[in-house]
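Please consult the sequence and the structure shown below.

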Amino acid sequence: MRECKASATGVRLGFWIMCAVMAAALIGCAALGTDSHGTHGKTAAASIAAPIIARRLLFGNPDKASPRLSPDGTQLAFLAPVDNVLNVWVGPAGDPGAARPVTADTKRGVRIYFWAYTCKHIVYLQDKDGDENWRVYVVDLASGTTRDLTPIEDVRAEIERVSYKSPEEILIGLNDRDPKLHDIYRLDLLSGERLLIQENPGFAGFITDDEYRIRFATKMTPDGGRQLLQPGADGSWEPFLDIGMADSLTTYTSGFDKSGQVLYLVDSRGRNTAALVTLDLATGEQRLIAEDPKADLSGIMRHPTEKTVEAVAFTYERKHWQVFDSAVAADFERLKTISPGDIAVVSRTLDDTQWIVAFRRDDAPSSFYRYDRRDGNAQFLFTTRRELEGVPLVPMHPVVITSRDGLSLVSYLSLPPGTDTDNDGRPTSPLPMVLQVHGGPWTRAVWGLDPTHQWLANRGYAVLDVNYRGSTGFGKDFVNAANLEWGRKMHDDLIDAVQWAIDQGIADPARVAIFGGSYGGYAALAGLTFTPDVFACAVDVVGPSNLITLINSFPPYWLPMIELWTARVGDHRTEEGRALLAERSPLTYVDRIRKPLLIAQGANDPRVKQAESDQIVQAMKEKDIPVTYVLYPDEGHGFARPENRLSFYAVAEGFLAQQLGGRIEPIGDAFEGASITVPAGAKNVPGLLQALDDEE
């Protein structure tokens, strides 16, 4: 399960993407702990030479994360805990050790923040107990005061644009007038005044520029496509660009050049994979900048003020960069010598002379450097967790699995330590395996340090993460192969991956679990209902059980994008569509469940409501089918508080050990400070009842 990341200047949070926020913007970390075994632990753990890695060091808070340079390059901000709650710290750019906390969150932790171009303010977003009704806060670094700039109940703020041309103002969207629609406001960071610049007459969103002008509006078309409209002189909206349904997830705008007359597009029209192109708004001329035959564009580096393209990234199995600006070519060559791992420039100064560079690895924590382009000096800042440095972790092996109908499924495999003696990515004998299913479904699994992979591998399980059809990044044909295939061909891909692992001698066919959040939670429920003989058990985190009630309960601000769902999942508004959705809903087949199931849910989840878990738990109770249900009253779509994450993974670990025979770290004090409740099935997980009693 992956986090939902937001950029510093475009925190729109992908409101139509159902991704599980299990890691809450953290990079997993590990340390050594004591050894213990589950019910069948001697069988599963006999070949594992490594000590147990403590859960708290994989799923707790990092030491530091998300570094950002101030636009003038004099200061450095990052996230770090204060009393075990993530807050923003600020200090001199070259001395992270001198930083001090500037925010004072005491519960959920700050996860989304950025520098204002004043270089004197930090802006961050926060919701209440996972309800995703984000508020915008600003911190005055000189006075130390924090102000809530959008103090409106039951309203969701979105960051529309942050521009260096208006350092004291930002553009935000607010659905205060109509909960379905976000109007655009110009927000003064100093006074808190909001000026309405565009009322939303019914659009899914707007495209703005650095002058804070409304350049385009976007709306969905009835067939699931998208249309860009230009504002007319008389207040009307004129069609500008049509994007058909087949391209709607792989074609989108990506800003303007310095003149504002050339639009950057990530564009799959007329091709399969999404390329970077420019569109001259005066002449209509398009020019191709970069494309890759196997992967969609996954990253763009443009000069902060000149807006010229410096480099672009594509990610198939691993991320690779194409450099276009000779001025940065030497920098990329230099960066390759600093540290192993996939490179990401995560922050830069306004004059582009200083970068914060992250090096992402699969068997070590990400490391961050402050890189000075003027002299080529790279100053090490920190890794996400010092205790993880030097601790041997397992590699993540990219593998490409062929589906039954010929699709290439880019996947990632991790094996327990000591089980792959010749380092060929295959164990010496079949292992219990956990199939991890990413959320979305319109996201993807990527290579790198994954805390869930490391946790499961350390406990004795092979871990397989599959980019099933519908995952993004592999071209529109791959995305569109999933249309109306929830619970069918999308699920077939997962079953094909399990069979591949069995055929390769990786997985013991009698001990395979399915584990996922959001869409991955749906897949876990589908695993026990559509293919009840394949999996030994399942773990569903915030997964929908009934696709009709799921869509009918979407938050109102998703409704302008509803055609995306009706075209790709099923139309709840028609009799035929409802029949299809019912047929693809695990709740319909609850009587098929014969294997143990663990369900976890946040009570305030606005995307997958608590009712999705409640109704399948109730149906199982009525049929006397055992189920364990873990509910968090102060969480939403995933678990942001580290105390809650630790309690959930402690329960999941005991559950998996009982079913698959892996090693366990005892629950111990994992429930301390957590809001965990267990409405059903506490007796089904060893040690859970006692741990709950100890917390009372």
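Helix 12 (642-660) contributes the most to the lining of the largest pocket, namely three residues. The model is predicted: local features need pLDDT of at least 70 and side-chain atom pairs count only at pLDDT 80 or more, while totals for chains, interfaces and linings use all residues. Residues are numbered from 1 along each chain as its sequence is written, and side-chain values use heavy atoms, without hydrogens and water.

**Largest pocket**
- The space in the largest pocket is about 410 Å³.
- Of its 20 lining residues, Arg56, Gly60, Asn84, Leu646 and Asp669 are the closest to the centre.
- Helix 2 (55-59), like helix 12, supplies at least two lining residues.
- By class, the lining holds nine charged, seven nonpolar and four polar residues.
- A pocket is an open set of points on a 1 Å grid over the protein atoms alone, where a 1.4 Å probe fits, with protein on both sides within 12 Å along at least five of seven lines; lining residues have an atom within 4 Å of a point.

**Strand 19 and its partners**
- Because five of the six residues of strand 19 (residues 275-280) are buried, this strand is largely enclosed by the rest of the structure; buried means under 20% relative accessible area (1.4 Å probe, protein chains only).
- Strand 19 pairs antiparallel with strand 18 (residues 262-267) over six bridges, and Leu276 is the bridge partner of Val266; pairing requires at least two DSSP bridges.
- Strand 20 (residues 286-290) runs antiparallel to strand 19 and is joined to it by four bridges, with Leu288 as the bridge partner of Val277.
- Five residues separate strands 19 and 20 in their hairpin, where Gly284 adopts a positive phi near 80 degrees.
- Helices (H or I, at least four residues) and strands (E, at least two) are DSSP runs, numbered from the N terminus.

Notes
Buried < 20%, exposed > 50% of the residue type's maximum accessible area, 1.4 Å probe, protein only. Points joined across faces, edges and corners; volume = space filled by probe spheres on them. Nonpolar A, V, L, I, M, F, W, Y, C, P; charged D, E, K, R; others polar.
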